[in-house]
Amino acid sequence: MINALRRWARTHTEEGRYSPVGIAFHWVMAFLVLFQLGWGFYIGFMGVGGDKIAAYQVHSAVGLPILLLSIGRLGWRMLIPGPHNDADEQGWQTTVAHVIHYLFYLAFFGLPLSGWVMWSSVAEPGPLHLAGVLPWPQLPFDALGDATRWSILDVAEDVHLVLVWLLVVTVPLHVAAALKHHFWDRHDVLRGMLPEIPDAEDPREGHRHKPRAPRARPGSAGR
Ligand code: HEM
Ligand code: HEM
């Protein structure tokens, strides 16, 4: 089964593309994480009151599935190596990109976990729901004294905010790098993360990916 999956994924990764499963994980999670960042800051601007609690409930309902998706994504990523693409040949830039990918995975786990801890350390405002539907347990903190719960809340809040700011810095770098590789260097990296358009239906047929010529030869018409 695993070998069959690997063989299937290789038909994509050997073409320099992520597998459709990897692509689905990437874009679903990118959308959810960006939503969470925007919604989280939006909650910060809301006045205290009933709406704010409802907004936190949306925040946790969307955030908890990220934890499950992260487990699935990490498992998939360990099973199926990513493709080797043009972005893997860029020296220090490749290293920075890989470090950022590791940090993203850290945030994928750390944000929902610290959020869950925060939520569980204050008895109110009530039960959690996965995607707003399935009941999700609180962590068993009720036997702990108030002071301990407040300290746990404090640490979890710090972790949450550090990871939020980590994403605020690294996501724009990641997106800018993806666009730079695509539009400036004309590398295959972004194309490998987009759904494949079968050649016969590709309206851009005839304008195939073509890496930019080495810049060591100024004046060469290598574009
Ligand atoms: C990838 C997932 C998540 C992201 C990107 C995220 C992002 C954010 C952001 C941007 C804020 C506002 C920070 C600020 O005001 O400066 C925030 C606050 C908060 N989040 Fe999340 N969050 C995620 C998951 C969760 C989950 C799953 C829960 C609960 C189960 C949660 C609970 C909270 C709480 C309680 C706060 C308020 C913290 C405070 O007031 O200091 N978060 N989050
Ligand atoms: C419009 C926004 C985005 C674009 C254009 C984009 C593009 C890309 C591209 C082209 C890659 C492949 C990089 C390579 O193979 O070297 C990639 C990988 C990755 N991206 Fe994004 N991305 C975006 C948003 C995000 C967001 C918001 C996150 C989550 C914080 C994210 C997390 C990742 C991760 C973890 C990888 C590594 C893939 C893996 O091996 O699991 N991306 N992205």
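## Polar contacts with ligand 2

Let's start at R77, where a polar side-chain atom sits 2.4 Å from an oxygen atom of ligand 2. This is a predicted model, so every distance here is computed from it.

## The iron site

Which residues coordinate the iron atom of ligand 2? H26 and H174 do, each through its NE2 atom, at 2.0 Å. The iron has 6 donor atoms, and the angles among them run from 87 to 179 degrees, giving an octahedral site. For six octahedral donors, the ideal angles are 90 or 180 degrees.

The two histidines bring distant parts of the chain together: H26 belongs to helix 2 (residues 20-45) and H174 to helix 5 (residues 146-184), 148 residues apart.

Are these histidines buried or exposed? H26 has a relative accessible area of 13%, so it is buried, as this falls under the 20% cut-off. H174, at 25% relative accessibility, counts as partly exposed.

## The surrounding shell

Stepping back, ligand 2 is surrounded by 19 residues, and the closest are Y18, H26, R77, Y105 and H174. By class, this shell holds 13 nonpolar, 4 polar and 2 charged residues.

Where do they come from? Helix 2, helix 3 (50-79), helix 4 (92-121) and helix 5 each contribute at least two residues to the shell.

Terms used:
Residues numbered from 1 in each chain as written. Chains lettered and ligands numbered in written order. Predicted model: local features only at pLDDT ≥ 70, side-chain atom pairs only at ≥ 80, totals over all residues. Heavy atoms only, no water. Donors = N, O, S within 2.8 Å, 3.2 Å for Na, K, Ca; no water. Tetrahedral: all angles 85-135°; square planar, octahedral: opposite > 155°, others 65-115°. Helix = DSSP H or I, 4+ residues; strand = E, 2+ residues; numbered from the N terminus. Buried < 20%, exposed > 50% of the residue type's maximum accessible area, 1.4 Å probe, protein only. Near = heavy atom within 4 Å. Polar contact = N/O pair within 3.5 Å; in protein donor to acceptor, adjacent residues only side chain to side chain. Nonpolar A, V, L, I, M, F, W, Y, C, P; charged D, E, K, R; others polar.
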